[in-house]
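Biologist: Hi, could you walk me through this one? I have a few quick questions.
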Amino acid sequence: MSAGTLYDKVWDLHRVAELPGGSTQLFIGLHLIHEVTSPQAFAALRDLGLSVRYPERTVATVDHIVPTTSQVRPLADPLAEEMLATLEANCRQHGITLHGIGSGRQGIVHVIAPELGLTQPGMTVACGDSHTSTHGAFGAIAFGIGTSQVRDVLASQSLAMAKLKVRRIWVDGRLQSGVFAKDLVLHIIRILGVKGGVGYAYEFAGPAIEALSMEERMTLCNMAIEGGARCGYVNPDALTFDYLQGRPAAPSGEAWDRAVAWWRSLASDPGAVFDDEVRFDAAAIAPTVTWGITPGQGIAVDETVPTPEELDPDERPLAGEAYRYMDLRPGAPIAGTPVDVCFIGSCTNGRLSDLRAAAAVAEGRRVAPGIRAFVVPGSEQVAAAAEAEGLDAVFRRAGFEWRLPGCSMCLAMNPDRLEGRQISASSSNRNFKGRQGSASGRTLLMSPAMVAAAAITGHVVDVRALLAEHPPTVERQPPLTPALP
Amino acid sequence: MSTVPLPAGPIAAHRGRGLPLPGADIDTDRIIPARFLKCVTFDDLATGVFADDRSERAGDHPFDRPEHRGASVLVVNSNFGCGSSREHAPQALMRWGIRAVVGESFAEIFFGNCLALGLPCLTADPADVTELQEAIAADPGAELLVDLEAMAVVLERPSAGEKRWPVRLEPGPRRMLLSGQWDGTAQLVAHDAELTATASALPYLNGFR
């Protein structure tokens, strides 16, 4: 039962038919594609003799395989070039808009769709990428799909789906200064577990959520999937509408007013019924860092790596594997753990506000000797906006590399990767074994500000200590809407 | 790697040897590391299955042990297939030769990806999964019958007799596998009139009127 929730309202609006298998055929309002999970779908479509049903409802970009040092064509890696060329050919053949390298609109698919105004409240959004949950920040129902389903959406603009239950995650209070949406979501996953959300959509609500910027809401919803929830969402409000207004794909004129009225009506009703509810207090959350090999293995920066005795018996085998892989000692403080590589970017934390938060830490400081630190903006628009306010110069002066947009070392499908047993402080979303490109490489997940602090000190440190001794000169500012070329 | 034909048509049962793979939260990055995703077809994915885990264990990984060569029923623990939505993960398992997966629980996207390929993911109680993994380890040559009609996994041991464990699968996916309608594109395409009706009532496709 989830009557009166945004999830139910959007589900009902998009129902096409009930299928014999017991699932529902759901219309997909926005389909996003990229070079990794689409080529086989287009090939399958050709094999079936089908065409793309609503080419104007699919939008493409290239993100996973793009290099961040030089994006000159042909790309240096022939496999990457083949994937990009295949995407270009498929988009051309089927009349799909592709925001390619150098267009001014290229970037990580979950960064560009919101900034272009493509993602809107009340839509169903699907993409062959699990972090599609990001788009739930707008009050959309957005979820990742596999390649067979990409084929299905191309062929029919719809999917066979089973309805989820809805868990409301109510967050009271306000996040402390120096604590970010990333810390909040790592904390939620730590408490509810990486499989706690299986079978659920997560509705994030409460005063702390309403106080988050749209970019912070995207960070939060982005990692719903790391908690097992296929989608997460925030009810649309004035902040959502302000973000959207004036963006290229957003409605305008009289349609804008009608849109806002409709969007408002979609928010969960005051008397909405939830299948489950959990509560958190934002004020009690500290900067959070993972110590293990799943995003649920996180602790506050001032805590110690849990000992087996401190864990539930069923968590102990995985913890044992994590101690060995990470080479971290149970009972040891996580603060002070030396790092080798610092990565700021990804669909979780590669937006302008993330770069501002990291730059506020880097400003006037230097990356510690021996540390490789780099910043990868989430999109060409983010890069342009950051450069317009001089963030690239702040990072460069501090010894960070300033790179070109893409997914980069979040999953290391491009040349950016860890080597050997290197350990990274990373603003990305997954600390799985081997995730960052080395089979024995290690990842500590944290907020972009915490990554910047680790780069400066050379080890895991509470960013609040740095911020206290050196008040940030880059204050939180309203989100920019950079002019498009 | 596998010469067994890929799944087609109704899937009521599968018979094959078991492959126990203990461990919780085994993610799709481990099943198929990202570097193997640099491809435009799924054809060659079998070589990448568990590539990093296997190299770490230098021949001692279940997918490398000689006694499990040719096995086709993977037996896993909880939250198997979590993480990335990459269909490359079930594709790699399938092309290696896996035809059914039995486990405590599965990540949702992974489960759906498997279903779309005709690869049944059946759940069983944790104690039963452990018992099944141990039974396979003790007698890796024994055949398993994965029976979607009877909803059971049966270990067929010529000497020690058979041993049976109950398994679960939601009625919808079960019907889809039994009827052969697990690959649903045709069904979706068939409802074009209903699709058009739904689209014509969506405010954001109609000027928010």
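Modeller: Happy to, and keep in mind that this is a predicted model.

Biologist: Which residues make the contact?

Modeller: From H2(A), A:Gln40, A:Ala41, A:Ala44 and A:Leu45 take part, and they meet A:Thr147, A:Val150, A:Arg151, A:Leu154 and A:Ala155 of H5(A). By class, the residues of this contact are six nonpolar, two polar and one charged.

Biologist: Switching topic: how many residues of chain B are in contact with chain A?

Modeller: On the chain B side there are 54, in contact with 68 residues of chain A.

Biologist: And which element of chain B gives the most to that side?

Modeller: That's H4(B), with six residues. Other elements giving two or more residues include helix H1 (28-31) and helix H8 (192-200) of chain B. The chain B side has 22 nonpolar, 18 polar and 14 charged residues.

Biologist: Last one, on strands. What does E16(A) pair with?

Modeller: Strand E16 (residues 372-375) of chain A pairs in the parallel sense with strand E15 (residues 341-344) over four bridges, and with strand E17 (residues 401-402) over two bridges, also parallel. A:Val375 is the bridge partner of A:Ile344, and A:Val375 also stands opposite A:Trp402 in E17(A).

Definitions and conventions. Residues are numbered from 1 along each chain as its sequence is written. Chains are lettered from A and ligands numbered from 1 in the order in which they are written. This is a predicted model: local features need pLDDT of at least 70, side-chain atom pairs count only at pLDDT 80 or more; totals for chains, interfaces and linings use all residues. Two residues are in contact if their C-beta atoms, placed from the backbone, lie within 7 Å. Ala, Val, Leu, Ile, Met, Phe, Trp, Tyr, Cys and Pro count as nonpolar, Asp, Glu, Lys and Arg as charged, and the others, Gly among them, as polar. Two strands pair if DSSP finds at least two bridges between them.
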